[in-house]
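Please look over the sequence and the structure before reading on. The paragraphs below go through a few local features one at a time.

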Amino acid sequence: MSFRQLLKDTACRFRASGIPDPEVDAALLLARVTGRNPLTLRLDAEQGPTPEQRSAFEALCARRLTREPLQYVLGDQPFLGRSFLVDPRVLIPRPETELLAERAIADLRRRRGEGLRALDLCCGSGCLAVSMALEMPSVAVDASDLSPDALAVTGANAARLGASVACLMGDLWDAVGETRYDVIVSNPPYIPAAECDALQPEVLREPRMALDGGADGLDFYRRIAEGALRHLRPGGTLLLEVGHDQAGPVSDLLMAAGLTAVCAHPDLNGIRRMVEGRAGVRQPGQAHG
């Protein structure tokens, strides 16, 4: 059977199982086992896989047919031009999180002086922390998470990509003690608890603790806002990824907690998916609460 026919048949199987983008998934899986470009495979009506390639391909397809996320089947996910290891221990990085990383890196680049520190709070796969560390090697970057499994993946990604990242385990601010940062970035759980069970089958395979944001989806933002000024240096920036309808409520939480210059930024679809706030520069004798 040719590559073209194999992909056509596999896409039909995927479509019948309700898999989104069946042609794309089939081509990416076959490309992984053959080492060939997905597009050329879809056009090749002459050549076909070896028995070993066909067996490996069918094994991957069997996993995808159970609605295991494509990224877990492949074992990696691109992020800002780099390949990050992902598996069921961590949330799969999304495109909007790349925009969050770019904004954090740009903020660090604008700062002058030595001794800059950055934190990826609720780090998951470590895509934010590792990206900051690689783009800004002079910055001390910490990555924190409550999940030891997530920190293991972050550590593996840092080692694989050659990034200097300190992994800290703990519940939000407990992980970092009294440390203060110039930039804190976070993509915390933000899906309302009642909506979690109705998510797409692939998303349900991701860690529940990385998805469930409490009754209204804002539990983690409340806790992050409450401790932000204690962990930001004067003039420091907090950058948060938020759900599609959460920019307003999260902005209110940051302003109520005393952050300044609070604003929301759109993703590529024009949806406000990032909220930013700053720690005002303290006057002599003034302390943040």
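Predicted model: local features only at pLDDT ≥ 70, side-chain atom pairs only at ≥ 80, totals over all residues.

We begin with the helices. Two packed helices are described by the angle between their axes and the distance between the axes. Helix α11 spans residues 219-231 and helix α12 spans residues 247-256; their axes come within 8 Å and cross at roughly 25°. Angles under 35 degrees count as roughly parallel, and α11 and α12 are therefore roughly parallel to each other. The crossing in which α11 passes α12 is right-handed. On the α11 side the contact is made by Y221, R222 and A225, and on the α12 side by V250, L253 and L254. Sorted by class, these contact residues comprise 5 nonpolar, no polar and 1 charged.

Next come the aromatic rings. The count of aromatic pairs is 1. This pair joins F79 and F84 in an edge-to-face arrangement, with 5.8 Å from centre to centre and 85° between the planes. F79 and F84 are both buried.

The last topic is the backbone. Most residues other than glycine have a negative phi. R67, which is not a glycine, has a positive phi near 75°. R67 sits in the loop between α4 (51-65) and α5 (70-74). Is R67 buried or exposed? Buried means under 20% relative accessible area, so R67, at 14% relative accessibility, counts as buried.

L172 also has a positive phi, near 50°, and is a residue other than glycine. L172 lies in the loop between β5 (165-169) and β6 (181-186). Because its relative accessibility is 6%, L172 counts as buried.

Methods. Residues numbered from 1 in each chain as written. Heavy atoms only, no water. Phe/Tyr/Trp six-rings, centres within 6.5 Å; stacked < 30°, edge-to-face > 60°. Buried < 20%, exposed > 50% of the residue type's maximum accessible area, 1.4 Å probe, protein only. Axes fitted to C-alpha atoms, helices over the stretch in contact; angles between N-to-C directions. Helix = DSSP H or I, 4+ residues; strand = E, 2+ residues; numbered from the N terminus. Parallel < 35°, antiparallel > 145°, perpendicular 65-115°, else oblique. Left-handed = near helix turned anticlockwise from the far one by under 90°. Contact = heavy atoms within 4.5 Å. Nonpolar A, V, L, I, M, F, W, Y, C, P; charged D, E, K, R; others polar.
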